[in-house]
Amino acid sequence: MDHFIYKTGVLHAEDVAIPEIAAAVGSPFYVYSTATLQRHYQVFEDALKGMDHLICYAMKANSNQAVLKIMADMGAGMDVVSGGEYARAIAAGVSPDKIVFSGVGKTAGEMEMALQGGIRQFNVESEPELLVLGAVATRMGKLANITLRVNPDVDAKTHAKIATGKSDNKFGIPMVKAREAYAQAASLSGIKVVGIDVHIGSQLTDLAPYEAAFTKVAELTEQLRGDGHNITRLDLGGGLGIPYQRDNSAPPLPIEYGEVIRRTVGHLGCEIEIEPGRLIAGNAGLMVSSVIYVKQGAERKFLIIDAAMNDLIRPAMYEAYHDIIPVIEPAAGIEPQPIDIVGPVCESGDTFATQRLMPELKSDDLVAFRSAGAYGAVMASEYNSRPLIPEVLVSGDQFAVVRPRPTYADMISRDITPPWM
Ligand code: LLP
């Protein structure tokens, strides 16, 4: 459920009419709903109720300071994967003891930054990383809490580019090598083993892979305890999928996911951490764009809009489907027609949808991409020298620009002509 609905024929974000935002900030733009973000966070809290747990929002999904503040105010921790994300989380007021540091290639500089500022734990992904972390922590006179991310060799049944739990993926330490790696971790100064981490992929629409992975983690917990390790935390990653195609998909609910967690690892007495990103932010955001031209090609009709692949890369990168709806509700009884929805960028890959059934639209009409709150703005670029599009946050009947659109001058001033020119 979200808070983007038609009211008297006009699409609203909570109580604000989308055309009102468009008039104020121009098109295209992203808009996020505070109430939806809060609701999605709460759904995970409810799913894990009664278990000792921490929800670490995977801020890679949407790391705008305003979004992070909403999460922090709800009590969320953060899952960060870079020094930049760590800095953003701290800037948003997240307590360092609620920040977990994930990622397959943490640098010594990033480790130092997190150890200096404070960190709940590092989710370590390899033996070489373990050695570097041990050395950095020892040099700083600190003790780094760690989990090792294990690779359970489970097929998450999602898009190949976002599956992470198979043995041929770059992520984690193979299950068969886990006990050896834990023994090594325990022998290092500067390192304190606290738990196990697993994350098998993103946009999972089936709970079975979770069940398989968490069962393996439970077995490993018993083995590691038998080996003398003090396993008190299980970080189960993120990845729960969302319905991108409103009328046609029903991924499992967080409450059912919570049941799988309870069933597989609930008996171990561990503190449970999860790292949801997409489910919190995805359906809490729209990308709004306006029609530039309707063009009749030799075989197909094209809706050329002012947003492009640089603003929302998911369709080009993952063949992702996003619902695209008109901002003015079409009159009943109008037969939708197939049309290709494309952006202005000079690549055929700049296609958002092919032969999508849409009501008739004309220049300047607004359309909204649903499910654009996660992996939208954060993955945007200025390709074709198109300025990053603004982000707007709505709360009730108020809205505010939470990241403005850079001017052309802003964009150009980031480049420096060398002195010899
Ligand atoms: N934890 C770790 C270690 C991760 O790598 C990820 C996502 C998450 C948590 C959060 O997963 P989520 O709950 O959001 O599914 N750009 C892609 C998605 C990449 C996901 C990368 N890792 C997309 O647009 O579909």
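Predicted model: local features only at pLDDT ≥ 70, side-chain atom pairs only at ≥ 80, totals over all residues.
I started with the domain layout: the centres of domain 1 and domain 2, taken over C-alpha atoms, are 32 Å apart.

Next I looked up the bounds. The assignment for the protein chain puts 4–31 + 282–413 in domain 1, and domain 2 covers 34–279. I then checked how the two meet: 24 residues of domain 1 touch 23 residues of domain 2.

On to the ligand. Where does the ligand sit? I find it in the largest pocket. I also wanted its place relative to the domains. Both domain 1 and domain 2 give residues to the shell around the ligand, so the ligand lies between them.

Then I went through the shell itself. There are 18 residues around the ligand, and those that come nearest are Ser202, Glu275, Arg278, Arg314 and Tyr375. By class, I get six nonpolar, six polar and six charged residues in that shell.

Arg314, already on my list of nearest residues, has a polar side-chain atom 2.6 Å from an oxygen atom of the ligand. For Tyr318, a polar side-chain atom is 2.8 Å from a nitrogen atom of the ligand. I noted Lys60 too: an N or O atom in its side chain lies 3.5 Å from a ligand oxygen atom.

Last entry: how much of the ligand does the protein bury? On its own the ligand exposes 590 Å², and the protein buries 91% of that area.

Key: Residues numbered from 1 in each chain as written. Heavy atoms only, no water. Near = heavy atom within 4 Å. Polar contact = N/O pair within 3.5 Å; in protein donor to acceptor, adjacent residues only side chain to side chain. Areas by Shrake-Rupley, 256 points an atom, 1.4 Å probe, with all protein chains shown as cover. 1 Å grid on protein atoms, 1.4 Å probe; cavity = no way out; pocket = protein on both sides within 12 Å on 5 of 7 lines; lining within 4 Å. Sits in = over half its atoms within 2 Å of the grid points. Nonpolar A, V, L, I, M, F, W, Y, C, P; charged D, E, K, R; others polar. Domains from an automatic or database assignment. Contact = heavy atoms within 4.5 Å.
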